[in-house]
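This report describes selected local features of one protein model.

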Amino acid sequence: ARPDGYTIAHHHLSVIRHPFLTRRPTWHPVNDFTYIMQQTGFVFGHVVHPGSGWNTLADMFAEARRRPGELTYGTSGIATSNHLAMEELCEKEGVQMTHVPYRGTSENITALLARQLDCIANSNSWAPVVEDGQLRLLAVWTRERLRSFPTVPTLLELGYGMVVTSPYGIAGPKGMDPEVVEVLHQAFRKTQLHPRVQEFMAVNDLPDEYLGPADYTAFARERAEYEQRMVTRLKLSID
């Protein structure tokens, strides 16, 4: 179909990652799309059981260093953003932890409450049980601290140089007219700045990951290089 701007999509990182997970990719993660506007992302964090005795992320990694490969961490699946980020953190720390993929955060929470896991590295469905004191939040992966957990540090504050929100936005097919792209960009930007949308984002701790067309395209290009490197290093494949 002609790329006239009437067909657009919700675009997320798995679209950028997918071509590197297969020997027969069917699209290019940058060249086959027109990037319109990045919007927001997810809130990830490290969550542990209070019975672990760990009060900081440094405590957990120190234990992982003492027991190579014995500590486990749960995610929402293989080759997800949180899986790749956790492997990068382990690489930075020089530790080995065992990845246990689940189908979602709720299964992670159940397993951690039952002490079947040592850590959750996942999105913030854990918030209610952390607020209740059943689980403990050690660090968040957003750029700023969360309104809901103002005492919990970010990965940036802890010196890891990482912000991981698996950002998503709006994209269209390749070859869209720049004027049409800008019309859509301004419409979505106006919507995101609406007070009700801003209030919703604040209440749910949704990070502001806004990028315009040029910056969103640049992000996609940079992220594609990262995804390819991590997928290759971890030998991940869906074939």
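Gln38 stands opposite Gly169 in strand 8. The model is predicted: local features need pLDDT of at least 70 and side-chain atom pairs count only at pLDDT 80 or more, while totals for chains, interfaces and linings use all residues. Residues are numbered from 1 along each chain as its sequence is written, and side-chain values use heavy atoms, with hydrogens and water left out.

**The sheet**

Strand 2 (residues 33-40) and strand 8 (residues 168-173) run antiparallel and are joined by six bridges. Strands pair if DSSP finds at least two bridges between them; helices (H or I, at least four residues) and strands (E, at least two) are DSSP runs, numbered from the N terminus. The open sheet has four strands in the order 1-8-2-9, with antiparallel pairing. Its edge strands, strand 1 (9-11) and strand 9 (208-211), each pair on one side only. On average, neighbouring strands of this sheet are turned by 30° against each other, direction ignored.

**Helix 8**

Helix 8 lies across strand 1, strand 2, strand 8 and strand 9, and runs at about 100° to strand 2. Axes are lines fitted to C-alpha atoms, for helices over the stretch in contact (heavy atoms within 4.5 Å), and angles run from 0 to 180 degrees between N-to-C directions. Helix 8 covers residues 213-234; at 1.5 Å a residue its 22 residues should span 32 Å, and the end C-alpha atoms are 31 Å apart, which agrees. The expected span is 1.5 Å times one less than the number of residues. Among the buried residues of helix 8 are Tyr216, Ala220, Arg223, Glu227 and Met230. Buried means under 20% relative accessible area, exposed over 50%, and partly exposed in between (1.4 Å probe, protein chains only).

Ser166 is in the loop between strand 7 (136-140) and strand 8, whereas Lys235 is in the segment after helix 8.

**Glu87**

Glu87 is found in helix 3 (residues 81-93). Glu87 is buried yet has no salt bridge, and the nearest side chain of opposite charge, Arg233, is 4.7 Å away. A salt bridge is a side-chain nitrogen of Lys or Arg within 4 Å of a carboxyl oxygen of Asp or Glu; Lys and Arg count as positive and Asp and Glu as negative, with His and the chain ends not counted. Leaving aside neighbours within four places in sequence, Glu87 is in contact with Tyr73, His99, Met230, Arg233 and Leu234.
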